[in-house]
Amino acid sequence: MSIKVHYFEGYGKAEAIRMLLAHAKADWESVNYDDEQFKALKESGKLEFGQVPVLEREGKLYSQSQAILRGLGIAHGYYPSDPYHAYLADSMLDYLSDFSSARVKALYYHDPEAKEKMIADFIAKNVPALFEAIQKRLEENSCPDKLVGEKLTIADFGVASISFSQFMNKQNVYYEQYQEILSKYPKVLDYFNGLGEVLKEHLETRKPSPY
Ligand SMILES: N[C@@H](CCC(=O)N[C@@H](CS)C(=O)NCC(=O)O)C(=O)O
C-alpha cells in the first residue's frame, strides 16, 4: 500500500520526508491541501496534534516531522546505528529546527518595520551561523560530502530540504542574498551541489514552490 504524505503545496516541513521517500524509491505520494481543505481536515479530528505533515501508512497516521523522518530513516537505512553518529544526525536536525523557527518568526512578525529588521538580522546572522556549523561538521567528518559518516543520513535530508527550499531555490525571494553568503562557504556549496546530484530526480520532478 502506498505511503501518503499529507501537507500543503510548498516544501516546508514535509520536504525532508518527501526527499527521503523519493531517494529510497518507496511507493509514496503527496496529498496536498489548500487552506480550505486543511481546515476541513483539522476539523475532522484526524490529526493528533492538529498539524501537518502527517504520514499515512497502512491506515495509520504519524505526526511530527522529526519523528516521522527518524522512523523512516530507521526503516530505510538512513539512521546511524552508532550512538555518537545518531547524536550527530539528531543534533543537526534539532539545530535546523531552531533555524527554521527563527526564520518563520521573522517572516510572519506582526509589526512590518520590526519584521524587516528581523529578516535582515536573520540573513546577516543566522544564515552564516548555519553555514559555519555545516562547514565544521563536514570538515570533522570522514567523508566531505556527507554530514555523518560515509552514508546518507536523515541529517543530509534535513539540510537538503532547507537548502533546496531556500538557499538553492531560485524561486525563493532571498535567493540572491543567500547565494552571496554561500559564496563565502565553498565547501558548503559543494556539499549542497552534491546533495542536488543525489536528489536530482526528485528535485527535477517536484512542483516548483518559493519555500
Ligand atoms: N512540530 C511539528 C510542527 C508542524 C507545523 O508547524 N505544521 C504547520 C505547517 S508547517 C501546520 O500544520 N499549521 C497549521 C495549524 O497549526 O493549524 C512538526 O515538526 O511536524
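**How helix α3 packs against its two partners**

In this predicted model, Gln66, Leu69 and Arg70 in α3 meet Asp90, Leu93, Asp94 and Ser97 in α4, where contact means heavy atoms within 4.5 Å. The residues of this contact of α3 with α4 divide into 2 nonpolar, 2 polar and 3 charged (Ala, Val, Leu, Ile, Met, Phe, Trp, Tyr, Cys and Pro count as nonpolar, Asp, Glu, Lys and Arg as charged, and the others, Gly among them, as polar). Local features need pLDDT of at least 70, side-chain atom pairs count only at pLDDT 80 or more, and totals for chains, interfaces and linings use all residues. Residues are numbered from 1 along each chain as its sequence is written, and side-chain values use heavy atoms, with hydrogens and water left out.

**α3 with α4**
- The axes of α3 and helix α4 (residues 83–107) come within 11 Å and cross at roughly 155 degrees, with axes fitted to C-alpha atoms over the stretch in contact and angles running from 0 to 180 degrees between N-to-C directions.
- The two helices α3 and α4 are therefore roughly antiparallel to each other (an angle over 145 degrees).
- The crossing of α3 and α4 is right-handed, the near helix being turned clockwise from the far one by less than a right angle.

**α1 with α3**
- Helix α1 (residues 15–23) packs against helix α3 (residues 65–76) at an angle of about 15 degrees, and their axes lie 9 Å apart.
- This makes α1 roughly parallel to α3 (an angle under 35 degrees).
- On the α1 side, Ala16, Ile17, Leu20 and Leu21 meet residues of α3 that include Ser65, Ile68 and Leu69.
- By class, this contact of α1 with α3 has 7 nonpolar, 3 polar and no charged residues.

Conventions:
Helices (H or I, at least four residues) and strands (E, at least two) are DSSP runs, numbered from the N terminus. Angles under 35 degrees count as roughly parallel, over 145 as roughly antiparallel, 65 to 115 as roughly perpendicular and the rest as oblique.
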